[in-house]
Amino acid sequence: MGLRKLFDNMKPSFEKGGKFSALGSFFEAVESFVFVPKTVTKCGTHVKDSIDLKRTMTCVMIAVIPAILFGMYNIGYQTSLHGNLGWGFWQMVWFGFLKILPMYLVSYIVGLFFEVLFAQIRGEEVNEGYFVTGLLIPLIMPVNTPLWMLALAVAFAVVIGKEVFGGTGMNIWNPALLARAFMFFAYPKQMSGDSVWVAAPFGATSVDAYSGATPLSQMAVGNINYSVADMFFGFIPGSIGETSTLAILIGAVILIWTGVGSWKIMLSCVAGGLLVGLLGDVPCWYQLIIGGFAFGCVFMATDPVTSCQTESGKWIYGFLIGAFAVCLRLFNPGYPEGMMLSILLMNTFAPLIDHIVVNRNIKKRLKRAQKV
């Protein structure tokens, strides 16, 4: 009650004509984050469901927690392993936490700054969509990404990839993947090589960074030195949240159980990857447990804004993502990971797929009506 009273007393200062009216969108964002919004639709509703954007985003954030927690541990584990430091479990977790914390601070401070800025310019409420995007961006970056580069990538993703299209729900491409694409094309040295995937201990210089070749880079040269168990559980170098297939599967179960993530997209993505993977020199299911395939399949491809909306379209969309991703891995030696570009490509064609599916259904119904 005391917190509610505090917000009620502050609110007039942030409303139109108040002393801090320029920050009205920011105040509303904080208030709606702390409390359930008071506004409701009283008539004319056509969506009879308890799930709103806030609850949807919350479900995704809960689903990604296992990947975050394991990612923190794996940062410390890889550093201890490659540096022969002999750290214990909690020392590894604490080291990983201290490494990932600045990345999250940068992601949210920069991203929310632009979200609030554009909301204020438009006179709109701040949308909850960035809370998930800001959570995902650090997870698909190398642990040694310089913070200023991360800030530029976040700014590009929010401004160019989202706000210029009108904000949450209007963007064509997945904003988190746009941040990674920006890093990949603008700063390729910071996104490739072996040392970028393993953190150096605090106080060490850049030359002290340890080398940790990922299974993808090893597969590109035809020699994977990691066991299947290590690749599945995640004890391998890689992007912070992408190494543990087990943690990602836990997130997938949460998304499917809550109805937030499309199981059709996930399943068809896996099918496409397995089918094309048969053309490779390694077992096709290896493609599912290395690199960003599982993470992209569960958390990126299922983005409801940038994916297909029709049920048939979801099958086509997911299958092509998996197939194109593995194609890039097998036939493009200069770029061992293909999930990012594959999802962004299919984001572009998702509206076309839906258009074709809808028109096909219309023609079927017209033919059926003519026969009657």
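A: Arginine 329 is buried, since its relative accessible area is 6%; the label buried means under 20%, exposed means over 50%, and partly exposed lies in between, with a 1.4 Å probe and protein chains only. Keep in mind that this is a predicted model, where local features need pLDDT of at least 70, side-chain atom pairs count only at pLDDT 80 or more, and totals for chains, interfaces and linings use all residues. Residues are numbered from 1 along each chain as its sequence is written, and side-chain values use heavy atoms, leaving out hydrogens and water.

Arginine 329 has a charged partner: its side chain meets that of glutamate 337 in a salt bridge, at 3.0 Å from N to O. A salt bridge here is a side-chain nitrogen of Lys or Arg within 4 Å of a carboxyl oxygen of Asp or Glu. Side chains of opposite charge can pair when their charged atoms come close. Glutamate 337 counts as buried too, because its relative accessibility is 9%. Elsewhere, salt bridges with shared partners join Lys264, Glu311 and Lys314 into one network.

Glutamate 311 forms a salt bridge with lysine 264, and their closest N and O atoms are 2.5 Å apart. The two residues belong to distant parts of the chain, 47 residues apart: glutamate 311 is in helix α14 (residues 311-331) and lysine 264 is in helix α11 (residues 263-277). Helices are DSSP runs of H or I with at least four residues, strands are runs of E with at least two, and both are numbered from the N terminus.

Another bridge joins arginine 180 to glutamate 242, with the closest N and O atoms 4.0 Å apart. This pair also links distant parts of the chain, 62 residues apart, with arginine 180 in helix α7 and glutamate 242 in the loop between α9 (228-233) and α10 (245-258). Arginine 180 is buried because its relative accessible area is 9%, and glutamate 242 is buried because its relative accessibility is 10%. A search of the whole structure finds five salt bridges.

Glutamate 163 is buried because its relative accessible area is 3%. If we set aside neighbours within four places in sequence, glutamate 163 is in contact (heavy atoms within 4.5 Å) with Glu115, Phe118, Arg122 and Val158.

For contrast, turn to the surface. Lysine 363 sits in helix α15 (residues 339-371) and is exposed because its relative accessible area is 57%. Lysine 363 is one of the residues of a positive surface patch, whose members are Arg360, Lys363, Lys364, Arg365, Lys367, Arg368 and Lys371. Patches are made of residues with over 30% relative accessible area and no salt bridge, with like charges joined within 9 Å and nonpolar side chains (Val, Leu, Ile, Met, Phe, Trp, Tyr) joined within 5 Å. Lys and Arg count as positive, Asp and Glu as negative, and His and the chain ends are not counted.

Now for the surroundings. The protein has 15 helices and zero strands, and of its 372 residues, 49% count as buried. Helix α5 (residues 129-136) is largely enclosed by the rest of the structure, because seven of its eight residues are buried. Those buried residues of α5 are Gly129, Tyr130, Val132, Thr133, Gly134, Leu135 and Leu136.

Tyrosine 286, in helix α12 (residues 286-289), is buried because its relative accessible area is 15%. Beyond its neighbours within four places in sequence, tyrosine 286 is in contact with Ile224, Val228 and Met231. Its C-alpha atom is 8.1 Å from that of valine 228, which lies 58 residues away along the chain. Across the protein, residues 24 or more positions apart account for 69% of the contacts with a separation of 6 or more.

Definitions and conventions: Areas by Shrake-Rupley, 256 points an atom, 1.4 Å probe, with all protein chains shown as cover. Charge placed at Lys NZ, Arg CZ, Asp CG, Glu CD.
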